[in-house]
Amino acid sequence: MTTPNTNPQTQQWQAMSRDHHLAPFSDYQQLSDTGPRIITNADGVYLWDSEGNKILDGMAGLWCVAIGYGRDELADAASKQMKQLPFYNTFFMTAHPPVLELAKTIAEIAPEGMNHVFFTGSGSEGNDTMLRMVRHYWALKGQPNKKVIISRINGYHGSTVAGASLGGMQGMHEQGDLPIPGIVHIPQPYWFGEGGDMSPEQFGIWAAEQLEKKILEVGEANVAAFIAEPIQGAGGVIIPPDSYWPKIREILAKYDILFVADEVICGFGRTGEWFGSDYYGNKPDLMTIAKGLTSGYIPMGGLIVSDKIFEVLKPGGDFNHGFTYSGHPVAAAVALENIRILRDEKIIERVREETAPYLQKRLRELADHPLVGEVRGLGMLGAIELVKNKSSRTRYTDKGAGMICRAHCFNNGLIMRAVGDTMIIAPPLVISKSEIDELVTKARLCLDLTLQDLQA
Ligand code: PXG
């Protein structure tokens with residue numbers, strides 16, 4: 001199916017890309033040389049490109065489209081709100097119904113005691129807000145030295161200066177002199193890649209202990225918060241060993257620092273619970289949200305804040321922070337409709353009870369493939385580790401196995417992302433069992449094709 005482009009419009013769009021468009025996370029030379037694939041429309045779990053190819057979207061856009069593509073209700077909600085009140089700000093003692101109704105609705109689905117929401121335009125802005133809010137919180141509590149935020153290597157928290165600093169992506173830190181001061185990183189709980197000879201359980205404990213080690217090194221009196229994704233998404237669907245979160249909770253209980261769950265990927269049903277924190281029984285003080293909040297139909301993010309934080313902020317005077325589009329009425333109306341659909345259609349219950357167990361069972365069948373070192377997953381998240389040797393977990397070094405596999409997937413009508421040599425999926429939550437069958441069949445075909453290439 002790697003047919004040359006036949007639609008003359010494809011070439012025109014690619015020329016526009018080459019001449020004018022600076023795409024995110026892209027190699028501009030490569031993008032100019034090859035041209036982007038142009039995605040023109042979508043429905044359910046499928047995309048179509050400008051050449052008429054139908055593609056099963058195993059990544060829900062970019063971890064976003066929980067309710068699937070093509071839901072007119074969201075378009076109608078946006079249209080109605082645009083006609084009634086397309087924009088007004090939420091600064092300086094004003095508000096509008098959609099933002100208030102959304103804040104209340106989020107408080108209903110959020111973990112107990114998390115009843116306050118600060119809205120942003122994205123997940124990155126949510127984490128910027130978090131950084132400023134937790135430092136403000138500690139200053140109000142008379143501990144202005146508590147500024148340092150502990151994060152994890154290979155975590156992803158966005159692409160603004162604070163987001164990229166909080167994240168632990170080396171390639172991002174190398175550009176622009178990051179991280180900014182006051183952010184430190186500890187190892188990630190990635191057993192397959194970094195667990196060495198330890199068992200997953202031993203490694204989970206070791207990785208959690210690195211948090212305590214860092215708190216003691218920096219000094220509890222200087223640490224504001226620890227931030228982590230319940231499951232690292234962009235880092236490669238890293239599912240911590242079972243021992244990890246209980247040990248982290250034990251450490252957090254010993255020290256007076258805040259716990260921030262970055263729920264941008266795990267939130268809104270991806271684990272089969274509303275939030276990844278619910279799945280693990282974690283009790284964060286703050287949670288960053290975005291993506292599934294609107295199913296990606298319109299940009300919106302936010303920070304859910306516990307009563308404990310709010311009670312300190314409330315008498316503390318102005319919080320001098322906010323974005324023009326904080327709580328944008330159209331985005332809020334779309335988010336409300338998205339959450340209504342998730343609730344009324346019991347989409348998360350179906351994920352938990354039916355489709356996620358099926359996806360996980362079918363995905364694990366790929367573990368017998370000679371190229372596959374591990375299949376892991378949880379809810380509507382999955383990862384397939386590509387290896388040369390299964391038992392030693394060694395890779396096909398320098399061959400770019402992941403990128404080869406990703407290209408085969410695209411050419412065979414499936415989107416799987418490659419993070420190094422880890423193939424990852426996060427399909428729309430509404431994917432059906434037969435669509436899961438199609439996903440797994442296509443994945444196996446692409447693993448075969450990748451192995452052939454690697455052995456050639
Ligand atoms: N936190 C997490 C956990 C994320 O996954 C952000 C924050 C930032 O959100 P915004 O809306 O500012 O992008 C994200 C975003 C990838 C990829 O390669 C993942 C994200 C963004 C871009 C690429 O998987 N996640």
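## Glutamine 210 in helix H10

In this predicted model, the side chain of glutamine 210 comes to 3.0 Å from the backbone oxygen of tryptophan 206. Glutamine 210 belongs to helix H10, which covers residues 200-218.

The relative accessible area of glutamine 210 is 10%; because the limit for a buried residue is under 20%, glutamine 210 counts as buried. When neighbours within four places in sequence are left aside, glutamine 210 is in contact with Ile186 and Pro187.

## Division into domains

## The interface between domain 1 and domain 2

The contact involves 33 residues of domain 1 and 32 residues of domain 2. The size of an interface is often expressed as the accessible area that is lost when the parts come together. For domain 1 and domain 2 the buried area is about 2700 Å², and 64% of it lies on carbon and sulfur atoms.

The count of salt bridges between the two domains is 1. A salt bridge joins the side chains of arginine 352 and glutamate 273, with an N to O distance of 3.5 Å. Across the interface of domain 1 and domain 2 there are also 15 residue pairs in polar contact, both members having pLDDT 80 or more.

Several elements each supply at least two residues to the side of domain 1 that touches domain 2. They are helix H3 (60-63), helix H15 (347-364) and the strands E11 (372-378), E12 (381-386), E14 (417-419) and E15 (422-425). Strand E11 gives the most to this side, with 5 residues. By residue class, the side of domain 1 that touches domain 2 holds 21 nonpolar, 5 polar and 7 charged residues.

## Arginine 406 in helix H16

Arginine 406 is located in helix H16, residues 401-411. With a relative accessible area of 31%, arginine 406 is classed as partly exposed, because this class lies between the limits of 20% and 50%.

Not counting residues up to four places away in sequence, arginine 406 touches Met416, Ala418 and Met423. The C-alpha atoms of arginine 406 and valine 419 lie 9.7 Å apart in space, and these two residues are separated by 13 residues in sequence.

Note on methods
Residues are numbered from 1 along each chain as its sequence is written. This is a predicted model: local features need pLDDT of at least 70, side-chain atom pairs count only at pLDDT 80 or more; totals for chains, interfaces and linings use all residues. Side-chain values use heavy atoms; hydrogens and water are left out. Contact means heavy atoms within 4.5 Å. Buried area is the accessible area (1.4 Å probe) that two parts lose on being put together, summed over both. A salt bridge is a side-chain nitrogen of Lys or Arg within 4 Å of a carboxyl oxygen of Asp or Glu. A polar contact is a pair of N or O atoms within 3.5 Å; within protein, one must be able to donate a hydrogen and the other to accept it, and residues adjacent in sequence count only if both atoms are side-chain atoms. Helices (H or I, at least four residues) and strands (E, at least two) are DSSP runs, numbered from the N terminus. Ala, Val, Leu, Ile, Met, Phe, Trp, Tyr, Cys and Pro count as nonpolar, Asp, Glu, Lys and Arg as charged, and the others, Gly among them, as polar. Buried means under 20% relative accessible area, exposed over 50%, partly exposed in between (1.4 Å probe, protein chains only).
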